[in-house]
Amino acid sequence: MKENKYLRGFVLGVSCCLLGVVVMLFAMGNAGVLDVSKMLGNTSTEREELKQEIAQKIEVLEKYIDQYYLDEIDDEKMADEIYKGVIAGLGDDYAAYYTEEEYIEIMEKTNGTYCGIGAYISSDASTGVVTIVNPMKNSPAEKAGVKAGDIIYAVDDEEVTGMEISKVQALVKGEEGSKVKLTIIRDNEQMELTVTRAEIEEDTVSYQMLGEDIGYIQVSSFEQVTPKQFEKAIKQLEKKGEKALIIDLRNNGGGLLDSAVEMLDTMLPEGVVVYSMDKSGEKQNYYAEDDDCFEKPVAILVNENSASASEVFCGAMQDEEAAVLVGTQTFGKGIVQGIFALSDGSAVKMTTAKYYTPKGRDIHGTGLTPDVEVALEDKTEEISDGGIKVDNQTKAAYDYLSDEIE
């Protein structure tokens, strides 16, 4: 049997180092719900024994791999899976280990800005075909002639069919002002389009007037760019004469806690808008910092997919009687995750605290109950003026606010 001595030393070293890192992280109380004493025992002797057991087990596994595994071993992939396995062992549904590439992508998502072509793309799991879902409005992709439904065959002459979607996304991103060549298939015809990359700001907020008096703002997620976009939407609707406001947080799975707090600062007077408690019982308050607030009637649309930062926003508005919730019970994610960057560019995410509404409500696992409960129906209704058609939940919010401003 030919032994991969490099791999053995690599894997054993990784396993021991990882255990050391885990012990350090949790002993410092950085985050998490794991009891280290239960995982590794109460004494240093028990910990060392467990480390040795793991190392011996990995050595046995490696011998089987060396003797029977058919293909070549990807050492880097194996290492990443070990790291992912350690975090998965926490049993925390929201914990994750991110490779350097994954972490960069996550940070771009939360920032809400990146340099690229400005198009949403997807990959078919069965065929590997990469398709343009939709180019963003006024984006470099749209200006270059990219259309929804276009198949991306190659990026700078590198075929992308079957490639992981994150790698395709990495290929189309680049420095602002640089060019990327897309080989596109449209209506069974192949063409080449050159796109000049630019800084892209994701649109997380959209808005419009519903009739003459009621404004409507939809927030898709809470990213770094969202508070600025939200404030702009409010100002634009006020210019159009809004007397009341619908905020649509349906299917908004959350995002950044700080962004939700910043938006609450726009809506509520000075005071605590949410607080969190960590594993040591330490309390952290988050504040609206001034007395400026939105004083018109507000209805917030919610459903079973309104979660996390959405529930922070809704919980504070409901507690302070600054809005009514309309729709169905929210998801019930009342916990906070922290992301910790590691020295090699990778990162770990884990649950670090539980949050509570200003009045001390713990909504984790239960969610928020709407003030006006309305199940979504598969039909649209016309509002009283303007001829605009909306779903029945939006109509219920509209009717409630219409009564409030009469």
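Ser-308 turns up in the loop between β15 and α10 (309–319), with helices (H or I, at least four residues) and strands (E, at least two) taken as DSSP runs numbered from the N terminus. Its phi is near 55°, a positive value in a residue other than glycine. Ser-308 counts as buried, at 10% relative accessibility; the cut-offs here are under 20% relative accessible area for buried, over 50% for exposed and partly exposed in between (1.4 Å probe, protein chains only). Asn-251 also has a positive phi without being glycine, near 60°. Asn-251 is found in the loop between β12 and α9 and is exposed, with a relative accessible area of 52%.

A word on the model itself. It is a predicted one, so local features need pLDDT of at least 70 and side-chain atom pairs count only at pLDDT 80 or more, while totals for chains, interfaces and linings use all residues. Residues are numbered from 1 along each chain as its sequence is written, and side-chain values use heavy atoms, with hydrogens and water left out. The average pLDDT (the predictor's confidence in each residue, from 0 to 100) is 87 for the chain, and 89% of the residues score at least 70. Residues 1–41 stay under 50; for this stretch the model has 75 contacts beyond four places in sequence, a contact being heavy atoms within 4.5 Å.

Next comes the open sheet. Its six strands are ordered β10-β11-β12-β15-β16-β19, with mixed pairing; two strands pair if DSSP finds at least two bridges between them. β10 (205–210) and β19 (372–373) stand at the edges with a single partner strand each, so one side of each has no neighbour in the sheet. Strands β12 (residues 244–248) and β15 (residues 298–302) run parallel and are joined by four bridges, and Asp-248 has Leu-301 in β15 as its bridge partner. Helix α11 (residues 392–405) packs on this sheet, touching β10, β11, β12, β15 and β16 (324–327), and its direction makes about 160° with that of β12. Helix α8 (residues 226–239) lies across β10, β11 (214–219) and β12, at about 15° to β10. Axes for these angles are lines fitted to C-alpha atoms, for helices over the stretch in contact, and the angles run from 0 to 180 degrees between N-to-C directions.

Helix α9 (residues 257–267) is largely enclosed by the rest of the structure, because eight of its eleven residues are buried. Among them are Leu-257, Val-261, Leu-264 and Asp-265.

β7 and β8 form a hairpin with two residues between them, and Asp-187 in the turn has a positive phi of about 55°.

As for aromatics, the structure holds five pairs, with rings of Phe, Tyr and Trp (its six-membered ring) pairing if their centres lie within 6.5 Å; planes under 30 degrees apart are stacked, over 60 edge-to-face and the rest tilted. Tyr-275 and Tyr-356 are stacked, because their ring centres are 5.3 Å apart and their planes at 15°. Both are buried. The charged end of Lys-283 sits over the ring of Tyr-275, 4.3 Å from its centre; this requires NZ of Lys or CZ of Arg within 6 Å of the ring centre and within 35 degrees of the ring normal.
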